[in-house]
Amino acid sequence: MDRDTFASSTKFFRDYGGPSRGASCQPHDHVDYIEKPEIFTYADFFKDYLIPNDPCVFSAKFTEGWGSRRKWVTPDGKPNFDYLVRTFGEAVVPVANCDVKEYNSNPKEHLKLKEYISYWKDHIKKNYRSPRGCLYLKDWHLHRDFPEQDVYTTPIYFSSDWLNEYWDAIKVDDYRFVYMGPKGSWTPFHADVFRSYSWSANICGKKKWLIFPPGQEENLRDRHGHLPFDITAPDLKNSNLYPRYAQSTAPVEIIQEAGEIVFIPSGWHHQVYNLEDTISVNHNWVNGCNVAIMWSFLQDELAAVQREIREWRETMEDWNLQCQVLMKSYTGIDYKEFYKFLKIIAENRIFVLEHHHSEEEASKHSYRAAISGLGMLHAVFDLKRTAKVLTSLNANEEFKKLSPEKLAPPPQALLHRLKAAIDTALL
């Protein structure tokens, strides 16, 4: 991306790192369709979709070179069960039962892939009925388990991916998933982890998405403040149970065909159905455009935990620390780990700025190579967004109670280094 193009993109984004928490977008009655890869640039995506926090759909042309679209699909467009069993049959995969509600999700079990596909084939033969229910393979970390497999290549539009950059660095987890399920399988109403972005590509099959701009979900809460499990349930029309449902707007509907990619922005709640036997690849991701939304989400989550256990505040030893422990058990991250997350993101970009004349140094680390490939201005943009969130974190009273001065490096020292790197890069 050239300097002028990226600069013109970023001028729209001078607030606190992204759309404000809970802010409703403009009314939506359609979702843009991106047809041609050759004329759609990263700068276009950044300017038209990341910054406005708007959804879009990419045509199948963006995925036609993927190995999975050649090998995982039969000539008539169905899942290639024989290939999948031959290649991954012994892998243990998580499977959810779409016919059962357990709290606010579907209960899961773990099966070998060959067992799940045996069920799936039998399910199809019985006209999509089974005494075992409608089972949906969800959240399989295939990329982590089979990194050598030629499955897909992350499109450049989604390459500034701080979640997977961080979790790959600490070698604990990742947010790259494969989903497989029969016609009729579905995912209940939700917004994505940490209010991250998500992109979802259909290897084969067809999905229906029902999506709501941020803020619209508030009209779908029940009288206790809880969001519905299924936004199509008849109970939502009962004003005694859902007092604000009459004020809600219809969801934006997307029909996603084979090969297409759906981009779901931060904070857009959604419910998803498989209209055919479907396989998809999904990533959750955060970057400089929505890291402030992630930070706002974490503050809300901590406040919710504090409300839940406020009656023990005076009697519980290390109450503040216990709130952090509970928050991490619910969300997967606490304030100290969020600082570590920001630190790794910042250090990678500082490295790129300090070694931008040395392609050999940058190429030794895959994420640093990717950062370098997006250009120095992108690294500066990322550091500016990181600096704003880190400044807010460092001033946060709950964070101060965790003795941040004992962290390595202390937040104030990291901020100083970060700002110096920005100033040097802009000279």
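Start with the lining of the largest cavity: its residues divide into four nonpolar, three polar and four charged. Here Ala, Val, Leu, Ile, Met, Phe, Trp, Tyr, Cys and Pro count as nonpolar, Asp, Glu, Lys and Arg as charged, and the others, Gly among them, as polar. This is a predicted model, where local features need pLDDT of at least 70, side-chain atom pairs count only at pLDDT 80 or more, and totals for chains, interfaces and linings use all residues. Residues are numbered from 1 along each chain as its sequence is written, and side-chain values use heavy atoms, with hydrogens and water left out.

**Stop 1: the largest cavity**

Select S159, S160, D161, E165, R349, Y367, A370, I371, L374, H378 and D382, which line this cavity. Its volume is about 60 Å³. A cavity is a set of points on a 1 Å grid over the protein atoms alone where a 1.4 Å probe fits but cannot get out; lining residues have an atom within 4 Å of a point. The volume is the space filled by probe spheres set on the points, which are joined across faces, edges and corners. Two cavities reach 30 Å³ or more.

Now show α12 (366-374) and α13 (376-395), the elements that give two or more residues to this lining. The largest share, four residues, comes from α12. Helices (H or I, at least four residues) and strands (E, at least two) are DSSP runs, numbered from the N terminus.

**Stop 2: the second largest pocket**

Select H143, Y152, T154, F158, S159, D161, D168, R176, H283, S366, Y367 and A370. They line a pocket of about 260 Å³. A pocket is an open set with protein on both sides within 12 Å along at least five of seven lines. Which helix gives the most to this lining? It is α12, with three residues. By class, the lining has four nonpolar, five polar and three charged residues.

**Stop 3: the sheet**

Color β7, β12, β9 and β10. In that order they form an open, antiparallel sheet of four strands. The edge strands, β7 (186-190) and β10 (252-256), each pair on one side only. Strands pair if DSSP finds at least two bridges between them. Zoom in on β7 and β12 (residues 269-274): three bridges join them. Pick T187; its bridge partner in β12 is V272.

**Stop 4: the annotated span**

Select residues 143-302, listed by UniProt as "domain: JmjC" in an unreviewed entry. Such annotations may be inferred rather than shown by experiment. The span is 15% helix and 30% strand, and its end C-alpha atoms lie 31 Å apart.
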